[in-house]
Amino acid sequence: MFAAFDNFPALLIWLPLAGGLISFFIKSEKAARASAIVFSLLTMAVMMTSLFFSSSESFVYNQVSYVWLPNLGSSFGLILDGLTRVLCLLTALVFPMVFLLVPGNRYPNANRFYALMLLTQCGLMGVFMATDALVFYLFWELALIPVYFLASIWGGEKRIKATFKFFIYTFVGSLFLLIGILYMYLKTSNGSFSLVAFYNVKLSDVEQYWMFLLFFIAFAIKMPLFPLHTWQPEAYEQAPTPVTMVLSAVMVKMGLFGLLRWLLPLFPLAVKQFNTAIIVVIVVGMVYASLVAIYQDNIKKLIAYSSIAHIGLMAAGAFTLKAVALNGAVLQMFSHGINIMALWIVADLIETQTGITKISALGGIAKKAPKLTMFLVIAAFANIALPLTNAFVGEFMIFNGLYQFKPWIAAFAGLSIIFSAVYTLNMIKHVFYGEVVAAVEGYLDINKTQAMVLTVITGLILFVGIYPDPFFKMMYETVGLIVNRYVTI
Amino acid sequence: MDEIYEAIIVRPINWISSFLSRVVDNRLIDGLVNGVGKGVQFSARQLRLLQSGQVGSYILIMMIAIILFFIFQLFWKL
């Protein structure tokens, strides 16, 4: 009846791409910002609409496939299924919020800034929707390259070093991924890059171990997992905050998504072999990152290390292979994106007004900006995963899965939750309460746009925390397919 | 009570936290990562010396390589 709804995935790619290309040619800063906002809102509208149109009873909701490189066995295949929907929804929500928050005159050559941001969005959408390994790889890189330019042109003082490290680090990971994809391609029966063909490849144990390693390194760097995380705090600190928001809210989810869509279903024997060891390393990394976060005096680095700990928990949940933990991890991917957005917004507002990112140099903002403080406290509670917030649901389910897997691992991972309360509440205490310091004397509370964006975020935090059911309805079939691959072996 | 708590829990955690951050994260892990980069740059600088532009030296290196290759083949039967 609504034949066009199979085009939703395509629209989610073309709209940001078109918006990005158009923005390059807009001279005025105001117009560039307006066009970026319009295109990102259009993308969001398409995403929202697509949620109401399911094309079949099966797990696939919308799917398209164009002929792309028939001689190579690659087609431009995109899919919107349960897992993808959650992540595309997050991507579609984050970009308009970022554009609304950034004042038009903040960055020189604003048109290029917005253009590169929209190209990043296109890349991210493509990564999440690709059903063809070559397309996946193409978008994987397409999402990385604009970020390189964004961070190295508009970043902080040490941006060149931080961005270079980030780029080389993730690029090395990508090359491992490419080798893995090529090997799998050569193993398919009919020479195809499609995900289905990859699923049907029969590999020996040893081949699976090697393939697992190649794919896992790429995804682990992207997430990042301990001990491959050292690019992240520097990149988050040095990149311009809108880029950091995109990096931490959406981009690191590429790695987690790669686990769920590619790694876990493709190499079940290897996953079964290694998952206990990997979970142990991840959980040690979580506690480690939380401990390091306690020491940080820079708000941005604190958020970065907190993010490493939270991402680790989701990855550990995925590797338990328990349905409850996988569902929790997918929900948590969405929730973490929303929560960390809120934390970055607050960090950015404080930095633009006072020029300070040192926690010890701030104090008493609550007296000057009560509204901002209210939003921050809710976001901070979500970061600690208190009940009624979105993170509680996801992390509770992941812990449930971890406990089923090995109780002692769950107990040890619980330490990182306790530490997250320590560093988050410490940060609130020092930055927002206590004596009003001189730098905060003339602090202005949030304006209407900022209040609107923060209200949306708070609404999402509470909505998902109180009524997460729509998300589970969306994702459980797709997640079930991943778990089913492990039932037969 | 507060003092005991401070002494057995808070201070050790702060100490571990600062140790992990300053020594393990900054020096050890990041040092390793940067070390890989520095290693590549160092070996690139060394290898550059071989590119002298003198054909004679290239031929010499080629001959040495060929001899090494033959010796290698002689001892390692494939």
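A crossing of two helices is called left-handed if the near helix is turned anticlockwise from the far one by less than a right angle, and right-handed if it is turned clockwise. Keep that picture in mind as we walk through this structure, which is a predicted model.

A second pair to look for is helix H12 (residues 268–295) and H13 of chain A, whose axes come within 8 Å and cross at roughly 160 degrees. That angle makes H12(A) roughly antiparallel to H13(A). Here, too, the crossing is left-handed. Among the H12(A) residues in this contact are A:Val271, A:Ile278, A:Ile282 and A:Met286, and among those from H13(A) are A:Leu302, A:Tyr305, A:Ala309 and A:Phe319. The residues of the contact divide into 17 nonpolar, 5 polar and no charged.

Now find helix H11 (residues 253–266) and helix H14 (residues 323–354) in chain A, which pack at an angle of about 155 degrees with their axes 10 Å apart. Once again the angle makes the two helices, H11(A) and H14(A), roughly antiparallel. H11(A) passes H14(A) in a left-handed crossing. The H11(A) side of the contact consists of A:Lys253, A:Leu256, A:Phe257, A:Leu260 and A:Leu264, and the H14(A) side of A:Leu326, A:Val330, A:Met333, A:His336 and A:Gly337. This contact of H11(A) with H14(A) includes 1 charged residue, along with 7 nonpolar and 2 polar ones.

Helix H9 (residues 231–238) of chain A has 8 residues, and 7 of them are buried. Those buried residues are A:Trp231, A:Gln232, A:Pro233, A:Glu234, A:Ala235, A:Tyr236 and A:Gln238. What covers them? The cover includes helices H6, H8, H10, H13 and H14 of chain A, together with helix H1 (2–48) of chain B.

Most peptide bonds are trans. Yet the bond from A:Met223 to A:Pro224 is cis, with omega near -10 degrees, and A:Pro224 is found in this loop. A:Pro227 lies in the loop between H8 and H9 as well, and the bond from A:Phe226 to A:Pro227 is cis with omega near 0 degrees.

Most residues other than glycine have a negative phi. A:Asn109, in the loop between H3 and helix H4 (110–129) of chain A, has a positive phi of about 55 degrees although it is not a glycine. A:Leu321, found in the loop between H13 and H14, also has a positive phi, of about 65 degrees. Are these residues buried or exposed? A:Asn109 counts as partly exposed at 42% relative accessibility, whereas A:Leu321 is buried at 13%.

Two further residues show how a chain brings its parts together. A:Gly73 sits in the loop between strand E1 (60–69) and strand E2 (74–81) of chain A. The C-alpha atoms of A:Gly73 and A:Ser194 are separated by 7.9 Å, although the two residues are 121 residues apart along the chain. Not counting residues up to four places away in sequence, A:Gly73 touches A:Asp132, A:Gly191, A:Ser192 and A:Phe193. The other residue is A:Asn383, in helix H16 (residues 370–384) of chain A. A:Asn383 counts as buried because its relative accessibility is 8%. Beyond its neighbours within four places in sequence, A:Asn383 is in contact with A:Ser306, A:His310, A:Asn339, A:Leu343, A:Ser420, A:Tyr423 and A:Thr424.

Finally, turn to chain B, which has 2 helices and 0 strands. Its radius of gyration is 27 Å, well over the 12 Å that the globule rule gives for 78 residues, so chain B is more spread out than a compact globule. The C-alpha atoms of chain B fill a box of roughly 80 × 35 × 10 Å along the principal axes. Of the 78 residues in chain B, 10% are buried.

Methods
Residues are numbered from 1 along each chain as its sequence is written. Chains are lettered from A and ligands numbered from 1 in the order in which they are written. This is a predicted model: local features need pLDDT of at least 70, side-chain atom pairs count only at pLDDT 80 or more; totals for chains, interfaces and linings use all residues. Side-chain values use heavy atoms; hydrogens and water are left out. Helices (H or I, at least four residues) and strands (E, at least two) are DSSP runs, numbered from the N terminus. Buried means under 20% relative accessible area, exposed over 50%, partly exposed in between (1.4 Å probe, protein chains only). Contact means heavy atoms within 4.5 Å. Axes are lines fitted to C-alpha atoms, for helices over the stretch in contact, and angles run from 0 to 180 degrees between N-to-C directions. Angles under 35 degrees count as roughly parallel, over 145 as roughly antiparallel, 65 to 115 as roughly perpendicular and the rest as oblique. Ala, Val, Leu, Ile, Met, Phe, Trp, Tyr, Cys and Pro count as nonpolar, Asp, Glu, Lys and Arg as charged, and the others, Gly among them, as polar. The radius of gyration is taken over C-alpha atoms; the globule rule is 2.2 Å times the number of residues to the power 0.38.
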